[in-house]
Amino acid sequence: MNKAPQSLRCLLVDDEPHALDLLKIYIDKTPFLQLAAATTSPWEALELLRSGEIDLLFLDIQMEDLSGLQLLDLSQTKCPVILTTAYSEYALKGYEYRVKDYLLKPFSFERFLKAVSPIFHEKKMDKPAAPEAPPSPVILPHRDYLFVKGDAKNKYHKLILEDISYVEGLRNYVQFFCRDQKVVTLQNLKRLEEDLPADRFVRIHKSYIVHIDHIDEIEGQSVLINGRRLPIGQSYRTRFFSLIRDHRIGE
């Protein structure tokens, strides 16, 4: 089927491949829709949304790593959103995020068309302006704690430095692994490395910063923290082992 020259470029995000397959079929049958990408990874979806090339987002709510609502908070996308889920209890929560429609699985092609048609008629077909860069999270180091942006608008988590076991970089996001919680926020790992106290936190890999006091074991070129073994990257070994000697660990 030939697509309209001004068709909406759609991004499909769902952790169930068969759900993506059904949406692909529906999009292929709709003249004014065009498939831009389909993914089971919310992290890949975040990158695609930041590109500014997406006109319409079909988004599942319950996914591993990030929920659909967390993805909306982190991406701060302005493109229209249609939520797709098998759980009706999320309908009211979805509308709090000003989504355009809510499709309860399984849904028919007729119900799909009812959701997308108003969006096509409302959408301005002029070339969109270049997307604005997402705002940097507020990270305010104060003594022995810092604040990082949470998973909702105007929400910030207070993280006690001594509770942070390690930090993992996830593209343009970082995940803090603390004693009793995990927190994901928009942030650059290199910038965070500069903000954290250098006498307690050390970068051991391009993807990891660890708290020295939380290391349970060092073996070969890896460390063990809270049951997880993290690699020590070649370019970070000299500084890491120098810091370890300063702390006299293992002596």
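Student: What should I know about the model and its numbering?

Tutor: The model is predicted: local features need pLDDT of at least 70, side-chain atom pairs count only at pLDDT 80 or more, and totals for chains, interfaces and linings use all residues. Residues are numbered from 1 along each chain as its sequence is written, and side-chain values use heavy atoms, with hydrogens and water left out.

Student: In what order do the five strands of the open sheet stand?

Tutor: Strands of a sheet pair through backbone hydrogen bonds, either parallel or antiparallel. Strands here are DSSP runs of E with at least two residues, helices are runs of H or I with at least four, and both are numbered from the N terminus. Two strands pair if DSSP finds at least two bridges between them. The order in this open sheet is β10-β9-β8-β12-β11, with antiparallel pairing. β10 (182-186) and β11 stand at the edges with a single partner strand each, so one side of each has no neighbour in the sheet. On average, neighbouring strands of this sheet are turned by 20° against each other, direction ignored; the axes behind such angles are lines fitted to C-alpha atoms, for helices over the stretch in contact, and angles run from 0 to 180 degrees between N-to-C directions.

Student: How many bridges join β8 and β12?

Tutor: Three bridges pair β8 (residues 164-170) with β12 (residues 208-211) in the antiparallel sense. Y166 stands opposite V210 in β12.

Student: Which two strands form a hairpin?

Tutor: β14 and β15 do, with two residues between them, and N226 in the turn has a positive phi of about 50°. Four bridges join β14 (residues 222-225) to β15 (residues 228-231), and the two run antiparallel. V223 stands opposite L230 in β15.

Student: Is R200 buried or exposed?

Tutor: Buried means under 20% relative accessible area, exposed over 50%, and partly exposed in between (1.4 Å probe, protein chains only). R200 has 18% relative accessibility, so R200 counts as buried. R200 lies in the loop between α6 (189-195) and β11 (201-205). Contact means heavy atoms within 4.5 Å. Neighbours within four places in sequence aside, R200 is in contact with D144, L161, E162, V210, H211 and I212.

Student: How many residues of helix α3 are buried?

Tutor: Seven of the eight residues in α3 (residues 68-75) are buried, and the helix is mostly covered. Among them are G68, L71 and L74. Just after α3, Q76 takes a positive phi of about 50°.

Student: How do I read the aromatic pairs?

Tutor: Rings of Phe, Tyr and Trp (its six-membered ring) pair if their centres lie within 6.5 Å; planes under 30 degrees apart count as stacked, over 60 as edge-to-face and the rest as tilted. The count by this rule comes to 11 aromatic pairs. Y26 and F112 have ring centres 5.3 Å apart and planes at 50°, so their pair is tilted. Y26 in helix α1 (residues 17-28) and F112 in helix α5 (residues 109-122) are 86 residues apart, and the pair links distant parts of the chain. Y145 and F147 form an edge-to-face pair, at 5.8 Å centre to centre and 85° between the planes.

Student: Which lysine sits over the ring of F109?

Tutor: A charge sits over a ring if NZ of Lys or CZ of Arg is within 6 Å of the ring centre and within 35 degrees of the ring normal. The charged end of K29 sits over F109, 4.2 Å from the ring centre. K158 lies over the face of Y145, at 4.3 Å from the ring centre.
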